[in-house]
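Please read it alongside the sequence and the structure shown here.

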Amino acid sequence: MTMAACRVGIDVGGTFTDFVLVNTETGNLTFFKEPSVPSDPSASVERGLPKLVEKAGVTPADVEYIIHGTTLGLNAIIQRRGAKVAMVVTRGFRDLLEIGRSRMPDSYDQRASKEESLVPRDLVFELDARVGAEGDILAQPSEADLDRLAEDLAATGCAAVAVVLLNSYLHPEIERQVTEGLRRRLPEVILTGSSGIWPEIREYERSLIAVLNAYVNPLMDSYFTKLKTRLETVGVRGQIYITASNGGTLSLATANDRPIETLLSGPASGVTAAQFIAARSGQDRVITFDMGGTSSDMAVCKGSEPESTTRTHIADFPLVMPVVNVSAIGAGGGSIVWVDKYGVLKVGPESAGADPGPVCYGRGGTRPTVTDCYVATGLIDPSRFLGGRMQLDRDAALAALAELAPRLGMATGTDIAEAALRVATALMTTELRKSMAQRGEDPRDFAIMPFGGAGPTHANMLAEDAGIRRMLVPTIPGTFCAMGATRANVKRDYVRSLRHTITSPSESDVLLEAALNELREKGAEWISGEGSGLGTPLISASADMRYAGQAFDLPVPIDTSAPVRASDLCEGFHRAHEALYGFRDEDSGIEIVTLRSRIEARLPEWDVASLPSTAAAAPRTRRLVRFGSKDLDVPVYDRPMLAPGQVLHGPAVLEQEDTTTWVLPDWSVRVHENGTLILEAENA
Amino acid sequence: MSFDPITLEILSSKIAASAEEMSFTLQRTGRTLFVKETADFQTGIADLSGRFFAYPREIGVSNYMGLDLSPVIRAVPDMEPGDVIITNHPYISEGLATHLPDLHMVRPYFHDDKIVAYGWCFIHCSDVGGKVPSSISPSNDSLYQEGLLIPPTKIVKAGKINEEFMWSFRVNSRSPDENTGDVKAMLAALTTGQHRVRDLIAQHGIDDFMAVQEALQDYSARRAREVLRRIPDGRYEFWDYLDDDYNSALPVRIRVRMDVEDGIVSLDYAGTDPQVSSAYNVPTGNKEHPWLTLRLISFVLTYDKTIPINAGLYRPMHPKAPKGSILNPEAPAAVGVRHATATRVTDTVTGVLTLAAPELMKAPSGGVTVPVVLSEPDPETGGRKTLVVEPMVGGSGGMADKDGVDGRDSGLANLGNNPAESVEASSRVRLLRYGLRVDSAGAGRHRGGCGQELVFQALTDDCQVLGRGMERFRFAPWGIQGGRPGALFEVHVTRADGRTETIGKIDVLVLNEGDIVTMLSPGGGGYGDPFTRDPALVTLDVQRGLVTRGAAEAQYGVAIADDGKVDAAATAALRAVERPAPSQFEFCDDRRAWDAIFDDALMCEFVTLLGTLPQARRIETRRKVLETVTGGVPRAGSVGILDSVGDLDAARARFKQAVSELRAALSPKAQETAA
């Protein structure tokens, strides 16, 4: 064994824990999957890591950085397994979480309930602490008030407390004093102040950030401690980072203080990986397509950044912090194929999940799924699933599908399988198109990059239906999120609600510069504590702006290389408004509602290795695939044997350990030198 | 199934998505609050007869998929490619537009020189002129006061904007730029629809595209009927009231008779009061209008959540409203606040459905949607600035198996609220409390949801507060299956000098610096006898501060000891006390008093008799009779009916007398004599 500089990405999922090891000197990737242990999520890390290191031919001591993603926090929220949290609010606002934004989750369903609050009303305490709309202090609690409040809180037995005072985004001091005062009095309780974590206007959204942070904090704290111990046990001494929802990563200490930033990191890491591979393959507009067991997700990358959003959800709750914009678009491999009472063929939304799973898994599943359709149509070889480690039962899949035949007036299980795949594809297409329409984009201007176990099997059908003419399949789609973790930059977002109307540009310049500097300094101070070996920090900034009196804002980028000028921002805003609405309103006042900044620094750079050049591979075998109402005789290739630059023409099936890629008739495949498959439509 | 079921499923999702993409375009490119925040807009694609086969599920206004474009299509027979028609006329469009701020547009979609579908969208725009800013005032008594009337007109002709129309349109509005922005967003949405229709035809062929339009509606109709079969066959009758018509204190009755046979449901609104001389009329075009079946549609979509949304849903439903009634007014009756009436129509249908299938129903919700509007002096412009403090709704109703939702009600619009911090940032008021209203829920085995409490203080003089659509000050949301009514709406003011006033229903309330207004919205009705509610649940409500101990004892018969736990012995004693047997509908005092005076059969006859009078005399005759019978109806929210009228039996006799006099006066013989 030789010394090597290595980095490991780990993604703990519900069924498997995925590992990717990057040799940052050679760019070689090694991946490994270890079954997850739901009751003790760090156990699979301890078990799998030595096997990964061994497979890569390095030692634990060679691992410089571990970048880890976990869905623990998210699952705790979905399953309501978080801490007992109490909340302290300004008098008069006890029902902040009960009323929320007042909308019911469903406009039609008369039996709908609202989301179950994470803090029941009897754990919400009002306090005479109030800041006015100009940041003026209207009421300030005394030490005696805090003594009483601390007693009440202690009596509830809560593990964490969120403090949310009205208008604290303008004047955070009182909220900070209350938070600190309570922390001194309740040393065992974890305290989160809303403006300390995210000082943005809108009390409901800000209170959710504080509450969610408090809710997962104790759980994440104990998990991180355990993880650290386990990594030490297996001899890994490298720096530990935790992936974040914004596509970046955070030191263990930051993640421990602000676990809310990590909740949606899993899908974000996949998009980070896609952005990287797309850039290395010369593609700058990509729709990612992550198809898993229960559902499929998509996201958009344009240029060097995955698209982010400040309007998303965590479980039932809106989240306004910037995160990679991932949307669900329909069926997964486990989605059930069924017939309604009117004889219409349906796919999902019910899923067979991991247990019992598809019929062909032979684990007790009786209702056919999308995966059964892949097996039935011949897209997946039942004897080579997961590199042959799992034998699938094609006859069982066909029989289960055939049971639907009489009600559909169709002859065989294969016919139904093909029809069901068409239905599933149409559902995905519609959701994808809608999702793109919300962004004001046309999917035909993008390439698609599938990952996840089933992504490459389904993506070409989706691409064709949605009018997408190019598709990129990365080399290790099955452990793509873990790979993305190794590419994540240390990254954090800052916000400041400004509510500033530009009247005198020179005065605004001073105010803006001061506000931006404050954000910059906060960021610089933070990133200096995020570990060694980081590159020079980069700062970007933007302003959310509107015409005075308008109901919504448009983001305007700020050039951070020079002193900020309000007049430039105004011009930027006029232009953005003109681009979207076709006119500018020179007479109207312009308001800067919110300033945002992002600081990021790279871990040491690495790049993917090129494939060694080999002779073009021939098909390993041929088999029949049902597609377009015909049985096609299709060549089957071992993907790892394909040579860089090799070109194939569909129909073709390309098999590898973690997935099968289906190439449609009239599509070509070219193997990029980094191993990525590039599919293109050949018809006009 | 006549249509290939695989293609049906595939086209079903693609077609619905096309309508949704139109909506996303509209929302993304729209600029006003109505579009961005409250989503008061919609898009759709209609077949050649003007019925929607594609309608969004997840975005925009949820109840317009039964609208009928055919009057507009008939009115403009010479549609060409690239034309777009606009209208807001409630009567010429036969209830496509239901009030003037709703701008509707229709664009024919052509394929090979033939129309193959119609794109449609509507938006609630900021202002179309008329008496008041935003164009809606409950006090309007004629359509002509409500703003610019636009008959079906080509706003775009062969792809070119009709600039002369745009000029008229702009000069007739207080907010021409916002309106122009809305129009552009609407046109963009219609263009998106055109592109999607073209793509669908290219991918699936014109034959399938044409055939699926009917197949989808047929499929939805069959699924809707299947849900409606859960309502037992039979005839059911019920009525509910608006507190008043705003311009007078007279209550307005909405009456319905539902006949159900094997999933076919007829709603006959005969017996409903005549149209009113204020803006509460609902223009339904003398046809089977979707606003008459709102509650049936939500019933269907509650029990089958995945039916494709299209006009087929309405096929098993047959509503009918008498001409000249508040639910089918004749021009030029004003219509601006028709949603307040439609909300009560929904409650009335809740009543007949409760009679038929109580286990499938929930008690009525608070029954209000009130944007609390603030108009304050604007020192910068010297004019006034207007904004919504919060849209208030009540709690929702209790159900057979669970409580109603506290402080939320999807109602007709499912509006979002405004953050207190945003309100304070953009106005001169301070919010002192915005939360749930204690002890407001209708008690029940499953209680209603609590109403809301909104308390705010003016920080400057001359702030005007308006509460359009305020209701349920007199007639509370009733309870069902023994559940109790929710609390009434209340408005109180504490002046800066400490004086307090109970305001009742607001017309325009003026606040000066330091004055504090408290608004309390109704709770939802309860479901089931509250004395059978699990004492542990009552205790939890007390612990959470939603029900006081006093109310726990009085309304639920649950005694709570000093340690906060149930006092089992005391509770048993409270619950053992003899009480009147709970009835299927539990009404508030005013409702019982009013019903005692105005017998249903006589009321129906009275309304029929009024209907034979010329329109002009109906309102006056009705007012005279009601005032004579009651000795003057008190303003809603002031004195109770019983206190005001005194002897109910005597009043009942007076009504009987008045009807027989009217009958005699209108008899053919009397008419002859008069002639």
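## Basis and chain contact

Two residues are taken to be in contact if their C-beta atoms, placed from the backbone, lie within 7 Å. The model is predicted, and local features need pLDDT of at least 70, side-chain atom pairs count only at pLDDT 80 or more, while totals for chains, interfaces and linings use all residues. Residues are numbered from 1 along each chain as its sequence is written, and chains are lettered from A and ligands numbered from 1 in the order in which they are written.

Between the chains, 55 residues of chain B are in contact with 50 residues of chain A. On the side of chain B that touches chain A, the largest share, 14 residues, is supplied by helix 1 of chain B, where helices (H or I, at least four residues) and strands (E, at least two) are DSSP runs numbered from the N terminus. This side of chain B has 19 nonpolar, 17 polar and 19 charged residues, with Ala, Val, Leu, Ile, Met, Phe, Trp, Tyr, Cys and Pro counted as nonpolar, Asp, Glu, Lys and Arg as charged, and the others, Gly among them, as polar.

## A helix pair across the interface

The axes of helix 13 (residues 413-439) of chain A and helix 1 (residues 5-29) of chain B come within 8 Å and cross at roughly 5 degrees; axes here are lines fitted to C-alpha atoms, for helices over the stretch in contact, and angles run from 0 to 180 degrees between N-to-C directions. Helix 13 of chain A is therefore roughly parallel to helix 1 of chain B, since angles under 35 degrees count as roughly parallel, over 145 as roughly antiparallel, 65 to 115 as roughly perpendicular and the rest as oblique.

Residues of helix 13 of chain A in this contact include A:R422, A:L427 and A:R433, and those of helix 1 of chain B include B:E9, B:I10 and B:F24. The residues of the contact between these two helices divide into nine nonpolar, four polar and eight charged.

## Nonpolar cores

A nonpolar core is a set of buried Ala, Val, Leu, Ile, Met, Phe, Trp, Tyr and Cys residues joined through C-beta atoms within 7 Å; a residue is buried if 20 or more other C-beta atoms lie within 10 Å of its own, exposed if 12 or fewer, and partly exposed in between, with C-beta atoms placed from the backbone. The largest nonpolar core has 383 residues, and those with the most contacts inside it are A:V85, A:M87 and A:V161. Helix 7 (residues 203-233) of chain A gives the most to this core, with 14 residues.

Not counting residues up to four places away in sequence, A:V85 touches several residues, among them A:L118, A:C158, A:V161 and A:Y215. A second, separate core of 15 residues includes B:L436, B:A552, B:V558 and B:I560.

## Local backbone features

Cis peptide bonds, with omega about 0 degrees, join A:G348 to A:P349 and B:A331 to B:P332. A:P349 lies in strand 22 (residues 345-351) of chain A, whereas B:P332 lies in the loop between strand 11 (317-320) and helix 8 (338-356) of chain B.

B:N286, which is not a glycine, has a positive phi of about 55 degrees, and B:N286 counts as partly exposed because it has 17 C-beta neighbours inside 10 Å. B:R472 also has a positive phi, near 65 degrees, in a residue other than glycine; with 33 C-beta neighbours inside 10 Å, B:R472 counts as buried, and B:R472 is found in the loop between strand 16 (463-467) and strand 17 (479-480) of chain B.
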